[in-house]
Amino acid sequence: MLNRTPLPTALAALLLSAAALLPAQAQDLKVLTYARTGQFESLDPPRQFDSESHDVIAMVYSTLLRYAYLERPYKLEPDLLERMPELSADKLTYTFKLRKGVRFHDNACFPGGKGREMTADDVIFSLRRFADANLNVKSWFLMDGAVLGLDAFRAATAKAGPKGDTSKLAIEGIKKIDASSFSIKLTKPNPLFLFSLASSSTSVVPPEAVAKYGDQLSANPVGTGPFTLAKVERKGVLRLMKNPNYHGRYPTVGAAGDADKGLLKDAGKKLPLVDVVEMPLIEEAQPRMLKLLKGELDWQGLDRANFSKMVAKKGDDFALTPEFAARFKIYYTPGIDNTYWALNLKDPLLGGNKKLRQALAHLVDTQAQIDVLSNGRGRKLKSIVPLDLPGSERDTGAATYDYDVAKAKKLLAEAGYPDGKGLPVLEVMFSATTAAARTSADLYKARFAAAGVQIKPDFVDFPTYLKRVESANFQISDSAWQGDYPDAENFYQLLYGKNGPPGPNHSGFNNAAYDKAYEASRYMANGPERVALFKQMNEILRDEVPVVLGYNTLRFGIQQNWVRNFKRNLMAPEFMYMDVDVALKKKGIPQ
Amino acid sequence: MTAYVLRRLLLTVPTVLGVALLTFLLFNAFGPDPVRVALGQHATPAAIANLRQQWGLDQSLALQFLDFLRQIVTFDYGKSFVTGEDLATQLKAGALVSLSVTAPPFIVGGIVNVALALVIARWREGLLDKTSRALFIAGMSISGLVYVLVLQYVLAFMLGWFPINGYVSGPGAVAYLALPWIILLVISMGPDIRLYRTLFLDEANADYVRTARSKGASEGRVLMRHVLPNAWIPIITNNVTSLPFLILGSFLMERFFSIPGIGSLTIDALGRGDLPILKAVTVLSAIALVLFNLLSDLLYAWADPRVRLV
């Protein structure tokens, strides 16, 4: 039977293709404009792991799972799947059922240029490609050791080299059931595995596109996502056109208060809501802000320089200054990240003296760092977990060290260094050579000196930093962690004994009780039992001080009044859910 | 003349070789490890070894250097480590865009600045000279970044005379390039006019000029017929040695006005440890500098026969 496209869909596609050739504002289309602040590395899904690439890939491609737009804490939901995967009784095998009727974008790689229906073969092809060692996939760690036979397949691809043929090699744990279903068998029960299926690097790619474009797939993306990319411009304006065949719908469930904010008015509507997303590359803050103030951008993150001009802190809250309050909307949300000082426990001075580590914890003035150097754009952490994740201090209520010279002096005396006498100069490594890092170091130096402790900053570039923390070649390191997925485990693993150098546990902390609690909590569902284990781990960390906790960054942004349905989602781009009030936009910015 | 040209051309070979060796050592032996930059902090030792092999970084430094020399000779710099895109294509496209940013203000500036310097020299120590001196010295002490920030804010944002930023290829680019051109022109005025004025005045006090004046030649004729032709050599040097920088683009303009030239390509590559781009741009700009210096020497020889005898 001939595959016939319904007339309205074909017409819409035709109109949108024509629209791609014209400047979007010239037509009566709903256009959302947002400036990219950096260049993307690659639009070939497995070849990227940077936020600029991710933002675009997540609009053009789809993944098996995605993060719910409105619900918090972040939660996975089906994207290319009909429903969440079913887990076998032994908790080892997931069975996936694909959503019916999902089509790839029309592209020259398909016969007749017509996108075909996506099948289980495409998913399996994409997973095999993700595991190919020759693609240098940065996010491989997401599946490393998780799927039965996948690591062996990866080793075989490395052995075969970039030109070798591994297409006939079977992967024990990945099985096709029929055209729309397949299963994945894990090496051990691991609910965290599902997060890897929401990563843009595991997006589903058609084999035809890889065969046709090969290394140049980045310049010719072909996905099933809400938008198509008319032309890939690394430096100019990326113009994403609405995919009229997109399968997604606006969420019907939100977090508490979302309905009152009008975020559920479009519940159930077909996505995307705008016709075009325009993304010019503007790397400097001034032109970005000037364009926003002129109404040429619809929303934008707020950089440090403009932050101090436009935002006022009111207690713990932030608001736009009166000059901007009537004209724009502001938002802010905690990032999925933390900062901390890693104390190297292999260092003879720090490793053998707990009181000294506790004293140092009282001298790291994180609040001053936030207030003075970051304009207040951060929240001091009381546990290692960022605030918006389940298991953060909001659940565990953990306590931390505050800047307190008197307490530090007392502990220093107990540690054998009254008023810092006899204590060698401590070396703190910073993973940047910027002015900001130097200012930060100056602040710490002054604070430590108040208790008689001398520190010597050492500024290194990022690769050198990595080399040194991985070989435990440092005394104290100013570190940070950007979450790979929104789960507390991703942060507690930073101190798991088996993750010592060269792993992410830079301190080399090795505590049997901590490891036991970590292992018990690792794959546990969120709930009181997990929180109890987290509390136990927090207590151990507070007592042993392998790290001094820093802060959770706050991400700020500004929007025009005509932007609708916006809620910052750090795990998935918001563009397909957002809408523009065209009438209000025509009126311009209120003066 | 041919012997002179050949001698100068032969001298460029060891210079370029020296530059290539320095560039290579700077990035390959002492620079940060590009494999670690590319793979990030989740990299496994196997993945690091695999990529090192793919990029040829597992070979001895001598072999890598030979390969680098081959790239210089064949103009085949391979692909960017980060984006996987062909470098020769990127460099060619970027160089043309950079030229479109820097060449027009260079040419217009050359004419306008020489003319203004002549006018100022004509009425030296007059009101115009004194006022312009104060203005230019003040202007020269302000960073180029300030000009960009202020003129973009005033002319594009407040007055709306130009787009705030952006770029399109083709004739439409003029609308976007006009403001960067004006800024580059304004930035060049202070140092260029001050230099040319000094050159003209040096010549204006020479014996042959005094003779011309004593013969009753008008001040205008003295400047145009005697001073200007004799001041050409340092003006040529100043302009010809600037030519490679036209191709390298103006990083500030490209960055603030989102223009996809070669300047921003280099800065991006620095941030991402993209070794092939960095090495290509460094060595190509060195070669351009050597060649344009050669051109400037040839122009001297043409303008002043005494140079050929040295």
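Mentor: Happy to; we will take some labels one by one and set each against its cut-off. Keep in mind that this is a predicted model.

Trainee: How confident is the predictor in chain A?

Mentor: The average pLDDT of chain A is 91, and 95% of the residues score at least 70. Residues 1-26 of chain A are another matter: pLDDT stays under 50 there, and the model has 22 contacts beyond four places in sequence for that stretch.

Trainee: Why is A:Val545 called buried?

Mentor: A:Val545 has 24 other C-beta atoms within 10 Å. The label needs 20 or more, so A:Val545 counts as buried. You will find A:Val545 in the loop between α19 (528-544) and β20 (547-549) of chain A.

Trainee: What makes the phi of A:Val545 worth a remark?

Mentor: Its phi is near 45 degrees, a positive value in a residue other than glycine. Most residues other than glycine have a negative phi. A:Asn375 also has a positive phi, of about 55 degrees, although it is not a glycine.

Trainee: Where is A:Asn375, and is it buried, exposed or partly exposed?

Mentor: A:Asn375 sits in the loop between α12 (366-373) and β16 (378-380) of chain A. There are 17 C-beta neighbours inside 10 Å. Buried takes 20 or more and exposed takes 12 or fewer, so A:Asn375 falls in between and is partly exposed.

Trainee: Which residues touch the most other members of the largest nonpolar core?

Mentor: Among them are A:Leu32, A:Met59, A:Leu240, A:Val277 and B:Met253, in a core of 134 residues. Leaving aside neighbours within four places in sequence, A:Val277 is in contact with residues including A:Leu32, A:Met59 and A:Leu240. A second, separate core of 56 residues includes A:Val545, along with A:Ile370, A:Tyr444 and A:Tyr465.

Trainee: How do you know that the bond from A:Leu271 to A:Pro272 is cis?

Mentor: Look at omega, which is near -5 degrees for that bond. The bond from A:Arg72 to A:Pro73 is cis too, with omega near -5 degrees. Most peptide bonds are trans.

Methods:
Residues are numbered from 1 along each chain as its sequence is written. Chains are lettered from A and ligands numbered from 1 in the order in which they are written. This is a predicted model: local features need pLDDT of at least 70, side-chain atom pairs count only at pLDDT 80 or more; totals for chains, interfaces and linings use all residues. A nonpolar core is a set of buried Ala, Val, Leu, Ile, Met, Phe, Trp, Tyr and Cys residues joined through C-beta atoms within 7 Å. Two residues are in contact if their C-beta atoms, placed from the backbone, lie within 7 Å. pLDDT is the predictor's confidence in each residue, from 0 to 100. Helices (H or I, at least four residues) and strands (E, at least two) are DSSP runs, numbered from the N terminus.
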